[in-house]
Amino acid sequence: PDNTTEVIDLCFTVMRDWLDGALLDVDEIEAERGVVVSELQGGDQVRRRLSQQLYEFLIPSSLITRRNVIGTVESLQNLAPQEFVEFYKEYYTPKRATFVVAGDIEVDEIEAQVIETFSSATNPENPGQEPDMGNVNSGSGFRSAVFTEEEFKYHEVYLYTAREYMSKPDTRATREAELSMAFAERVFKQRLEILVKAANSSISYGSASRYNVENVEIGYVTVDAIAGKLEEAIMVLEQEFRRLLTFGITMSEFEETKAVVLNAYERSAAGADTRESSNLASALSDSVNARSVFSSPEVNLDIVSDALATLTPERVHQDFATYWDTEDIALIFLTKEASDNTTEVMEMAYKQSQMMEVEPPADNSNMTFSYTDFGEPGTIVSDMLQEDLDIRQLVLSNGVRVNMKTTDFEANSILLNARVGSGKLSQPQNTDLDVFAAYVM
(Lines give C-alpha, C1' and ligand atoms only; values in the text may rest on other atoms or scores of the structure.)
Protein backbone atom coordinates (compact mmCIF):
# COMPACT_ATOMS: atom_id res chain seq x y z
CA PRO A 1 0.00 0.00 0.00
CA ASP A 2 2.92 2.39 0.48
CA ASN A 3 6.71 2.45 0.31
CA THR A 4 7.58 3.21 3.91
CA THR A 5 10.48 1.29 5.40
CA GLU A 6 8.21 -0.46 7.89
CA VAL A 7 5.84 -1.76 5.23
CA ILE A 8 8.61 -2.86 2.88
CA ASP A 9 10.42 -4.68 5.72
CA LEU A 10 7.21 -6.48 6.63
CA CYS A 11 6.64 -7.51 3.01
CA PHE A 12 10.16 -8.92 2.76
CA THR A 13 9.67 -10.86 6.00
CA VAL A 14 6.39 -12.34 4.79
CA MET A 15 7.90 -13.30 1.43
CA ARG A 16 10.86 -14.99 3.06
CA ASP A 17 8.52 -16.91 5.36
CA TRP A 18 6.54 -18.09 2.34
CA LEU A 19 9.75 -19.32 0.75
CA ASP A 20 11.06 -21.51 3.56
CA GLY A 21 9.91 -20.21 6.91
CA ALA A 22 6.31 -21.37 7.15
CA LEU A 23 5.64 -23.24 10.41
CA LEU A 24 3.09 -25.56 8.78
CA ASP A 25 1.36 -26.35 12.04
CA VAL A 26 -1.02 -29.31 11.78
CA ASP A 27 -3.94 -27.35 13.24
CA GLU A 28 -3.40 -24.51 10.75
CA ILE A 29 -3.24 -26.97 7.86
CA GLU A 30 -6.53 -28.52 8.97
CA ALA A 31 -8.12 -25.07 9.30
CA GLU A 32 -6.94 -24.05 5.83
CA ARG A 33 -8.14 -27.30 4.27
CA GLY A 34 -11.75 -26.16 4.53
CA VAL A 35 -10.89 -22.77 3.02
CA VAL A 36 -9.33 -24.36 -0.07
CA VAL A 37 -12.24 -26.79 -0.47
CA SER A 38 -14.60 -23.81 -0.27
CA GLU A 39 -12.61 -21.98 -2.95
CA LEU A 40 -12.78 -25.03 -5.20
CA GLN A 41 -16.53 -25.44 -4.73
CA GLY A 42 -17.13 -21.71 -5.17
CA GLY A 43 -15.45 -21.52 -8.57
CA ASP A 44 -16.93 -22.25 -11.99
CA GLN A 45 -17.52 -25.93 -11.32
CA VAL A 46 -19.55 -26.43 -14.48
CA ARG A 47 -16.83 -25.11 -16.78
CA ARG A 48 -14.17 -26.99 -14.81
CA ARG A 49 -16.00 -30.31 -15.15
CA LEU A 50 -16.52 -29.78 -18.87
CA SER A 51 -12.84 -28.92 -19.31
CA GLN A 52 -11.91 -32.10 -17.47
CA GLN A 53 -14.04 -34.18 -19.86
CA LEU A 54 -12.61 -32.32 -22.84
CA TYR A 55 -8.98 -32.89 -21.83
CA GLU A 56 -9.62 -36.57 -21.13
CA PHE A 57 -10.91 -36.85 -24.68
CA LEU A 58 -8.31 -34.70 -26.45
CA ILE A 59 -5.16 -35.69 -24.53
CA PRO A 60 -5.95 -38.87 -22.56
CA SER A 61 -2.26 -39.77 -22.03
CA SER A 62 -1.34 -36.38 -20.57
CA LEU A 63 -0.81 -35.81 -16.86
CA ILE A 64 -2.94 -32.68 -17.24
CA THR A 65 -6.06 -34.83 -17.20
CA ARG A 66 -5.17 -36.13 -13.73
CA ARG A 67 -3.70 -32.99 -12.13
CA ASN A 68 -6.27 -30.27 -11.72
CA VAL A 69 -4.47 -27.14 -10.50
CA ILE A 70 -6.39 -26.88 -7.24
CA GLY A 71 -7.04 -30.60 -6.93
CA THR A 72 -10.36 -32.30 -6.20
CA VAL A 73 -12.55 -32.25 -3.13
CA GLU A 74 -11.52 -35.84 -2.42
CA SER A 75 -7.78 -35.18 -2.78
CA LEU A 76 -7.98 -32.07 -0.59
CA GLN A 77 -9.94 -33.85 2.12
CA ASN A 78 -7.69 -36.92 2.12
CA LEU A 79 -4.30 -35.18 1.96
CA ALA A 80 -2.35 -35.99 5.14
CA PRO A 81 -0.64 -33.01 6.82
CA GLN A 82 2.75 -34.70 6.55
CA GLU A 83 2.29 -35.15 2.79
CA PHE A 84 1.61 -31.43 2.52
CA VAL A 85 4.74 -30.58 4.54
CA GLU A 86 6.91 -32.85 2.40
CA PHE A 87 5.55 -31.36 -0.82
CA TYR A 88 6.19 -27.84 0.47
CA LYS A 89 9.79 -28.63 1.39
CA GLU A 90 10.53 -30.41 -1.88
CA TYR A 91 8.95 -27.98 -4.31
CA TYR A 92 8.75 -24.55 -2.63
CA THR A 93 12.46 -23.95 -3.06
CA PRO A 94 14.71 -20.98 -3.94
CA LYS A 95 15.52 -22.57 -7.29
CA ARG A 96 11.84 -22.35 -8.27
CA ALA A 97 11.18 -18.93 -6.75
CA THR A 98 10.79 -15.59 -8.53
CA PHE A 99 10.78 -12.41 -6.47
CA VAL A 100 9.66 -9.16 -8.11
CA VAL A 101 9.56 -5.63 -6.71
CA ALA A 102 7.90 -2.89 -8.74
CA GLY A 103 7.01 0.62 -7.66
CA ASP A 104 8.39 3.89 -6.38
CA ILE A 105 11.61 2.47 -4.91
CA GLU A 106 15.34 3.08 -4.71
CA VAL A 107 16.70 0.24 -6.82
CA ASP A 108 20.08 -0.04 -5.10
CA GLU A 109 18.50 -0.17 -1.65
CA ILE A 110 15.96 -2.81 -2.67
CA GLU A 111 18.61 -4.91 -4.39
CA ALA A 112 20.70 -4.91 -1.21
CA GLN A 113 17.65 -5.88 0.83
CA VAL A 114 16.80 -8.72 -1.57
CA ILE A 115 20.33 -10.11 -1.23
CA GLU A 116 20.27 -9.75 2.55
CA THR A 117 16.84 -11.35 2.91
CA PHE A 118 17.04 -14.24 0.46
CA SER A 119 20.70 -15.19 -0.04
CA SER A 120 20.68 -17.45 3.02
CA ALA A 121 17.82 -19.56 1.66
CA THR A 122 19.06 -23.01 0.66
CA ASN A 123 17.72 -25.63 -1.71
CA PRO A 124 16.89 -29.06 -0.24
CA GLU A 125 19.38 -31.87 -0.71
CA ASN A 126 16.74 -33.91 -2.57
CA PRO A 127 14.37 -31.47 -4.25
CA GLY A 128 11.18 -32.66 -5.91
CA GLN A 129 11.59 -33.81 -9.48
CA GLU A 130 9.72 -32.42 -12.45
CA PRO A 131 6.81 -34.75 -13.25
CA ASP A 132 6.50 -36.73 -16.44
CA MET A 133 3.75 -34.85 -18.27
CA GLY A 134 2.92 -37.81 -20.48
CA ASN A 135 2.37 -37.90 -24.22
CA VAL A 136 0.22 -35.87 -26.57
CA ASN A 137 -1.71 -38.25 -28.77
CA SER A 138 -1.36 -37.83 -32.53
CA GLY A 139 -2.76 -39.69 -35.50
CA SER A 140 -6.27 -39.76 -34.07
CA GLY A 141 -7.79 -38.21 -37.20
CA PHE A 142 -11.21 -36.59 -37.20
CA ARG A 143 -13.26 -37.24 -34.07
CA SER A 144 -16.41 -35.86 -32.49
CA ALA A 145 -17.84 -35.82 -28.99
CA VAL A 146 -20.55 -34.24 -26.86
CA PHE A 147 -20.04 -33.25 -23.22
CA THR A 148 -22.97 -32.17 -21.09
CA GLU A 149 -23.51 -30.42 -17.78
CA GLU A 150 -27.04 -29.75 -16.58
CA GLU A 151 -26.17 -26.25 -15.33
CA PHE A 152 -24.31 -25.16 -18.49
CA LYS A 153 -26.24 -22.39 -20.24
CA TYR A 154 -24.40 -22.24 -23.56
CA HIS A 155 -24.31 -24.39 -26.70
CA GLU A 156 -20.65 -24.17 -27.71
CA VAL A 157 -19.35 -25.86 -30.85
CA TYR A 158 -15.60 -26.25 -31.29
CA LEU A 159 -13.06 -27.51 -33.76
CA TYR A 160 -10.02 -28.47 -31.68
CA THR A 161 -6.52 -29.59 -32.45
CA ALA A 162 -3.96 -30.62 -29.83
CA ARG A 163 -0.23 -31.18 -30.29
CA GLU A 164 2.99 -31.20 -28.34
CA TYR A 165 4.01 -27.69 -27.36
CA MET A 166 7.37 -26.78 -28.84
CA SER A 167 8.91 -23.92 -26.88
CA LYS A 168 10.69 -21.39 -29.08
CA PRO A 169 13.19 -18.67 -28.15
CA ASP A 170 11.48 -15.33 -27.65
CA THR A 171 12.92 -13.55 -30.68
CA ARG A 172 11.60 -10.94 -33.09
CA ALA A 173 10.92 -13.71 -35.60
CA THR A 174 8.88 -15.66 -33.03
CA ARG A 175 6.83 -12.60 -32.17
CA GLU A 176 6.27 -11.84 -35.85
CA ALA A 177 4.88 -15.35 -36.40
CA GLU A 178 2.61 -14.93 -33.38
CA LEU A 179 1.43 -11.58 -34.73
CA SER A 180 0.59 -13.20 -38.06
CA MET A 181 -1.59 -15.83 -36.35
CA ALA A 182 -3.25 -13.14 -34.23
CA PHE A 183 -4.22 -11.32 -37.44
CA ALA A 184 -5.93 -14.41 -38.83
CA GLU A 185 -7.77 -15.14 -35.57
CA ARG A 186 -8.98 -11.55 -35.23
CA VAL A 187 -10.33 -11.55 -38.79
CA PHE A 188 -12.08 -14.88 -38.17
CA LYS A 189 -13.78 -13.47 -35.08
CA GLN A 190 -14.73 -10.28 -36.92
CA ARG A 191 -16.36 -12.24 -39.76
CA LEU A 192 -18.40 -14.23 -37.26
CA GLU A 193 -19.46 -11.02 -35.48
CA ILE A 194 -21.02 -9.88 -38.74
CA LEU A 195 -22.92 -13.17 -39.06
CA VAL A 196 -24.09 -12.91 -35.44
CA LYS A 197 -25.89 -9.67 -36.31
CA ALA A 198 -27.64 -11.14 -39.36
CA ALA A 199 -31.38 -11.86 -39.22
CA ASN A 200 -32.20 -15.35 -37.90
CA SER A 201 -28.55 -16.05 -37.15
CA SER A 202 -27.72 -19.52 -35.89
CA ILE A 203 -24.86 -18.26 -33.69
CA SER A 204 -24.49 -15.69 -30.94
CA TYR A 205 -20.69 -15.62 -30.70
CA GLY A 206 -17.55 -16.88 -32.39
CA SER A 207 -13.76 -16.73 -32.05
CA ALA A 208 -10.45 -18.50 -32.64
CA SER A 209 -7.41 -18.86 -30.42
CA ARG A 210 -4.49 -20.98 -29.24
CA TYR A 211 -2.99 -21.64 -25.81
CA ASN A 212 -0.59 -24.03 -24.17
CA VAL A 213 -0.84 -25.98 -20.94
CA GLU A 214 2.55 -27.33 -19.88
CA ASN A 215 3.69 -29.50 -22.83
CA VAL A 216 0.43 -29.32 -24.77
CA GLU A 217 -0.59 -26.70 -27.33
CA ILE A 218 -4.28 -26.44 -28.11
CA GLY A 219 -5.85 -24.50 -30.96
CA TYR A 220 -9.53 -23.99 -31.61
CA VAL A 221 -12.21 -22.18 -33.55
CA THR A 222 -15.63 -21.91 -31.97
CA VAL A 223 -19.18 -20.60 -32.19
CA ASP A 224 -21.95 -20.47 -29.62
CA ALA A 225 -25.04 -21.97 -31.26
CA ILE A 226 -28.53 -20.59 -30.81
CA ALA A 227 -30.71 -23.19 -29.05
CA GLY A 228 -32.22 -25.55 -31.61
CA LYS A 229 -29.82 -24.52 -34.39
CA LEU A 230 -26.89 -26.87 -33.78
CA GLU A 231 -26.63 -28.16 -37.36
CA GLU A 232 -26.76 -24.67 -38.87
CA ALA A 233 -24.13 -23.45 -36.40
CA ILE A 234 -21.81 -26.33 -37.29
CA MET A 235 -22.11 -25.43 -40.95
CA VAL A 236 -21.33 -21.78 -40.24
CA LEU A 237 -18.25 -22.77 -38.25
CA GLU A 238 -16.98 -25.26 -40.83
CA GLN A 239 -17.53 -22.98 -43.82
CA GLU A 240 -16.08 -19.82 -42.29
CA PHE A 241 -13.11 -21.82 -41.05
CA ARG A 242 -12.61 -23.36 -44.51
CA ARG A 243 -13.06 -19.97 -46.17
CA LEU A 244 -10.17 -18.58 -44.13
CA LEU A 245 -8.03 -21.66 -44.75
CA THR A 246 -8.70 -21.54 -48.49
CA PHE A 247 -8.64 -17.85 -49.33
CA GLY A 248 -6.97 -16.13 -46.39
CA ILE A 249 -7.83 -12.53 -45.54
CA THR A 250 -8.58 -9.57 -47.80
CA MET A 251 -6.47 -6.46 -48.08
CA SER A 252 -9.15 -4.37 -46.37
CA GLU A 253 -9.28 -6.82 -43.44
CA PHE A 254 -5.50 -6.79 -43.26
CA GLU A 255 -5.27 -2.98 -43.25
CA GLU A 256 -7.98 -2.61 -40.62
CA THR A 257 -6.36 -5.18 -38.34
CA LYS A 258 -2.98 -3.57 -38.89
CA ALA A 259 -4.35 -0.18 -37.84
CA VAL A 260 -6.04 -1.61 -34.74
CA VAL A 261 -2.94 -3.51 -33.62
CA LEU A 262 -0.60 -0.58 -34.21
CA ASN A 263 -2.93 1.79 -32.36
CA ALA A 264 -3.03 -0.54 -29.34
CA TYR A 265 0.76 -0.68 -29.13
CA GLU A 266 1.06 3.07 -29.64
CA ARG A 267 -1.37 3.74 -26.79
CA SER A 268 0.48 1.29 -24.58
CA ALA A 269 3.78 3.06 -25.25
CA ALA A 270 2.21 6.49 -24.72
CA GLY A 271 0.88 5.41 -21.32
CA ALA A 272 4.02 3.60 -20.19
CA ASP A 273 4.84 6.13 -17.49
CA THR A 274 1.53 5.57 -15.69
CA ARG A 275 1.49 1.78 -15.63
CA GLU A 276 0.28 0.40 -12.30
CA SER A 277 2.97 -1.28 -10.21
CA SER A 278 0.82 -4.39 -9.65
CA ASN A 279 0.38 -4.88 -13.40
CA LEU A 280 4.08 -4.34 -13.99
CA ALA A 281 5.01 -6.89 -11.30
CA SER A 282 2.62 -9.44 -12.79
CA ALA A 283 4.06 -8.90 -16.27
CA LEU A 284 7.60 -9.41 -14.97
CA SER A 285 6.77 -12.64 -13.15
CA ASP A 286 4.73 -13.90 -16.11
CA SER A 287 7.68 -13.37 -18.43
CA VAL A 288 9.86 -15.49 -16.14
CA ASN A 289 7.30 -18.29 -16.00
CA ALA A 290 6.83 -18.15 -19.78
CA ARG A 291 10.60 -18.04 -20.36
CA SER A 292 10.11 -14.94 -22.47
CA VAL A 293 11.94 -11.64 -22.63
CA PHE A 294 10.35 -8.83 -20.64
CA SER A 295 10.26 -5.81 -22.92
CA SER A 296 9.00 -2.29 -22.38
CA PRO A 297 5.98 -0.89 -24.26
CA GLU A 298 8.38 1.23 -26.32
CA VAL A 299 10.38 -1.82 -27.37
CA ASN A 300 7.18 -3.75 -28.07
CA LEU A 301 6.01 -0.94 -30.33
CA ASP A 302 9.34 -0.98 -32.16
CA ILE A 303 9.15 -4.76 -32.67
CA VAL A 304 5.55 -4.65 -33.88
CA SER A 305 6.19 -1.69 -36.18
CA ASP A 306 9.06 -3.54 -37.85
CA ALA A 307 6.95 -6.69 -38.16
CA LEU A 308 3.99 -4.82 -39.64
CA ALA A 309 6.26 -3.22 -42.23
CA THR A 310 6.93 -6.62 -43.81
CA LEU A 311 3.81 -8.60 -42.85
CA THR A 312 1.45 -9.35 -45.75
CA PRO A 313 -2.00 -10.93 -46.16
CA GLU A 314 -0.26 -13.81 -47.94
CA ARG A 315 1.97 -14.45 -44.91
CA VAL A 316 -1.06 -14.40 -42.60
CA HIS A 317 -2.85 -16.92 -44.83
CA GLN A 318 0.21 -19.16 -45.04
CA ASP A 319 0.84 -19.22 -41.28
CA PHE A 320 -2.81 -19.95 -40.43
CA ALA A 321 -3.09 -22.69 -43.06
CA THR A 322 0.20 -24.26 -41.94
CA TYR A 323 -0.88 -24.35 -38.31
CA TRP A 324 -4.16 -26.08 -39.17
CA ASP A 325 -2.63 -28.46 -41.70
CA THR A 326 -3.55 -31.56 -39.71
CA GLU A 327 -6.02 -34.43 -39.83
CA ASP A 328 -6.22 -34.49 -36.03
CA ILE A 329 -9.29 -32.33 -35.58
CA ALA A 330 -12.03 -32.85 -33.02
CA LEU A 331 -15.60 -31.55 -33.42
CA ILE A 332 -16.80 -30.86 -29.87
CA PHE A 333 -20.19 -29.78 -28.54
CA LEU A 334 -20.53 -28.48 -24.97
CA THR A 335 -24.14 -28.14 -23.88
CA LYS A 336 -26.75 -28.67 -21.17
CA GLU A 337 -28.22 -31.88 -22.51
CA ALA A 338 -28.00 -34.01 -25.63
CA SER A 339 -29.79 -36.96 -27.23
CA ASP A 340 -28.22 -40.33 -27.96
CA ASN A 341 -27.69 -39.48 -31.63
CA THR A 342 -26.33 -35.94 -31.19
CA THR A 343 -22.83 -37.00 -32.23
CA GLU A 344 -24.19 -38.56 -35.42
CA VAL A 345 -26.16 -35.39 -36.17
CA MET A 346 -23.03 -33.30 -35.66
CA GLU A 347 -20.90 -35.42 -37.97
CA MET A 348 -23.60 -35.49 -40.64
CA ALA A 349 -23.94 -31.70 -40.57
CA TYR A 350 -20.16 -31.28 -40.69
CA LYS A 351 -19.71 -33.64 -43.65
CA GLN A 352 -22.65 -32.07 -45.48
CA SER A 353 -21.10 -28.64 -44.97
CA GLN A 354 -17.76 -29.83 -46.36
CA MET A 355 -19.48 -30.65 -49.65
CA MET A 356 -20.70 -27.09 -50.06
CA GLU A 357 -18.60 -24.62 -52.02
CA VAL A 358 -17.37 -21.51 -50.25
CA GLU A 359 -16.78 -18.23 -52.04
CA PRO A 360 -13.85 -15.87 -51.43
CA PRO A 361 -14.59 -13.13 -48.91
CA ALA A 362 -15.67 -9.79 -50.33
CA ASP A 363 -12.95 -7.15 -50.31
CA ASN A 364 -14.47 -3.92 -49.00
CA SER A 365 -11.46 -1.73 -49.72
CA ASN A 366 -13.63 0.96 -51.28
CA MET A 367 -16.02 1.31 -48.34
CA THR A 368 -16.22 4.74 -46.74
CA PHE A 369 -16.93 5.63 -43.13
CA SER A 370 -20.65 6.38 -42.77
CA TYR A 371 -20.48 8.82 -39.88
CA THR A 372 -18.88 11.94 -41.29
CA ASP A 373 -21.74 14.47 -41.33
CA PHE A 374 -23.15 15.39 -37.92
CA GLY A 375 -25.04 18.49 -39.00
CA GLU A 376 -24.43 22.06 -37.96
CA PRO A 377 -22.32 22.33 -34.78
CA GLY A 378 -24.13 23.51 -31.66
CA THR A 379 -22.99 26.04 -29.10
CA ILE A 380 -22.14 26.14 -25.40
CA VAL A 381 -24.96 27.84 -23.46
CA SER A 382 -23.53 27.32 -19.97
CA ASP A 383 -19.94 26.93 -18.71
CA MET A 384 -19.30 26.47 -14.98
CA LEU A 385 -16.28 25.39 -12.91
CA GLN A 386 -16.81 23.43 -9.68
CA GLU A 387 -13.66 24.68 -7.99
CA ASP A 388 -13.70 22.28 -5.01
CA LEU A 389 -13.72 19.26 -7.36
CA ASP A 390 -11.92 20.94 -10.27
CA ILE A 391 -14.67 19.81 -12.64
CA ARG A 392 -15.77 21.90 -15.61
CA GLN A 393 -19.47 21.53 -16.43
CA LEU A 394 -20.96 22.51 -19.80
CA VAL A 395 -24.49 22.63 -21.12
CA LEU A 396 -24.77 22.51 -24.92
CA SER A 397 -27.47 24.08 -27.07
CA ASN A 398 -29.06 20.66 -27.69
CA GLY A 399 -29.41 19.99 -23.95
CA VAL A 400 -26.44 17.66 -23.63
CA ARG A 401 -24.53 18.12 -20.36
CA VAL A 402 -20.76 17.59 -20.26
CA ASN A 403 -18.55 17.01 -17.20
CA MET A 404 -14.78 17.32 -17.75
CA LYS A 405 -11.88 16.79 -15.36
CA THR A 406 -8.13 16.68 -16.01
CA THR A 407 -6.19 13.90 -14.22
CA ASP A 408 -2.73 12.36 -14.42
CA PHE A 409 -3.90 8.79 -13.82
CA GLU A 410 -3.22 7.55 -17.38
CA ALA A 411 -0.71 9.35 -19.54
CA ASN A 412 -1.78 10.35 -23.06
CA SER A 413 -5.30 8.97 -22.58
CA ILE A 414 -8.75 10.52 -22.73
CA LEU A 415 -11.61 8.46 -21.28
CA LEU A 416 -15.14 9.15 -22.52
CA ASN A 417 -18.38 7.88 -20.99
CA ALA A 418 -21.86 8.68 -22.34
CA ARG A 419 -25.18 8.16 -20.58
CA VAL A 420 -28.64 8.63 -22.06
CA GLY A 421 -31.76 9.44 -20.06
CA SER A 422 -32.00 7.98 -16.57
CA GLY A 423 -30.73 4.53 -17.52
CA LYS A 424 -32.51 1.49 -16.09
CA LEU A 425 -34.76 3.67 -13.92
CA SER A 426 -36.80 4.67 -16.99
CA GLN A 427 -36.40 1.38 -18.86
CA PRO A 428 -39.62 -0.66 -19.24
CA GLN A 429 -39.65 -3.68 -16.97
CA ASN A 430 -38.93 -7.20 -18.27
CA THR A 431 -36.94 -5.94 -21.25
CA ASP A 432 -33.30 -6.06 -22.24
CA LEU A 433 -33.15 -2.65 -23.89
CA ASP A 434 -29.89 -1.83 -22.12
CA VAL A 435 -28.26 -4.99 -23.45
CA PHE A 436 -29.56 -4.26 -26.95
CA ALA A 437 -28.35 -0.65 -26.80
CA ALA A 438 -24.89 -1.78 -25.71
CA TYR A 439 -24.60 -4.03 -28.77
CA VAL A 440 -25.85 -1.25 -31.07
CA MET A 441 -23.30 1.22 -29.69
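Is Arg33 buried or exposed? Arg33 counts as buried, because its relative accessibility is 15% and the cut-off for buried is under 20%. Keep in mind as you look around that this is a predicted model.

## The big picture

Let's start with the whole chain. The protein has 441 residues, and 30% of them count as buried. Its secondary structure includes 14 helices and eight strands. If you follow the C-alpha trace along its principal axes, the spans come to about 70 × 70 × 55 Å.

What about contacts along the chain? Take the contacts between residues at least 6 apart in sequence: 78% of them join residues at least 24 apart.

## Charges and salt bridges

Count up the charged side chains and you get 36 positive and 75 negative ones. The centres of these two sets lie 4 Å apart. How many salt bridges does the structure hold? There are 16 salt bridges, and a few of them are worth a visit.

Back to Arg33, which forms a salt bridge with Glu30; their closest N and O atoms are 2.9 Å apart. Both residues sit in helix α2 (residues 26-42), and because they are three residues apart there, about one helical turn separates them. Arg33 is buried at 15%, whereas Glu30 is partly exposed, with a relative accessible area of 38%.

Next comes the salt bridge between the side chains of Glu185 and Arg210, at 2.5 Å from N to O. Glu185 belongs to helix α7 (residues 172-196) and Arg210 to strand β3 (residues 203-213), so this pair ties together parts that are 25 residues apart in sequence. Glu185 and Arg210 are both buried.

Arg16 is found in helix α1 (residues 5-21). Why does Arg16 count as buried? Its relative accessibility is 17%, and buried means under 20%. Which residues does Arg16 touch, leaving out those up to four places away in sequence? The answer is Gly21, Thr117, Phe118, Ser120 and Ala121.

## A covered strand and its neighbours

Now find strand β4 (residues 216-225), which is mostly covered: ten of its ten residues are buried. In a regular strand, side chains alternate between the two faces of the sheet. You can trace this pattern here, with Val216, Ile218, Tyr220, Thr222 and Asp224 pointing one way from β4. Glu217, Gly219, Val221, Val223 and Ala225 point the other way, and the residues of both sets are all buried.

Which strands pair with β4? One is β2 (residues 156-164), which runs antiparallel to β4 and is joined to it by nine bridges. In this pairing, Thr161 stands opposite Gly219 of β4. Another is β3, which pairs with β4 in the antiparallel sense over ten bridges. There, Ala208 has Val221 in β4 as its bridge partner. β3 and β4 also form a hairpin with two residues between them, and Glu214 in that turn has a positive phi of about 55 degrees.

Asp383 stands opposite Leu394 in β7. The hairpin of β6 and β7 has four residues between the strands, and Asp390 takes a positive phi near 55 degrees. Asp383 also has a salt-bridge partner: its side chain meets that of Arg392 at 2.6 Å, N to O. Arg392 counts as partly exposed at 35% relative accessibility, and Asp383 is partly exposed too, at 43%.

β7 then pairs with strand β8 (residues 401-404), again in the antiparallel sense, over four bridges. What is the bridge partner of Gln393 in β8? That partner is Asn403. The hairpin of β7 and β8 has four residues between its strands, and Gly399 in the turn has a positive phi of about 95 degrees.

Conventions:
Residues are numbered from 1 along each chain as its sequence is written. This is a predicted model: local features need pLDDT of at least 70, side-chain atom pairs count only at pLDDT 80 or more; totals for chains, interfaces and linings use all residues. Side-chain values use heavy atoms; hydrogens and water are left out. Two strands pair if DSSP finds at least two bridges between them. Buried means under 20% relative accessible area, exposed over 50%, partly exposed in between (1.4 Å probe, protein chains only). Contact means heavy atoms within 4.5 Å. Lys and Arg count as positive and Asp and Glu as negative; His and the chain ends are not counted. The place of a charge is taken as NZ of Lys, CZ of Arg, CG of Asp or CD of Glu. A salt bridge is a side-chain nitrogen of Lys or Arg within 4 Å of a carboxyl oxygen of Asp or Glu.
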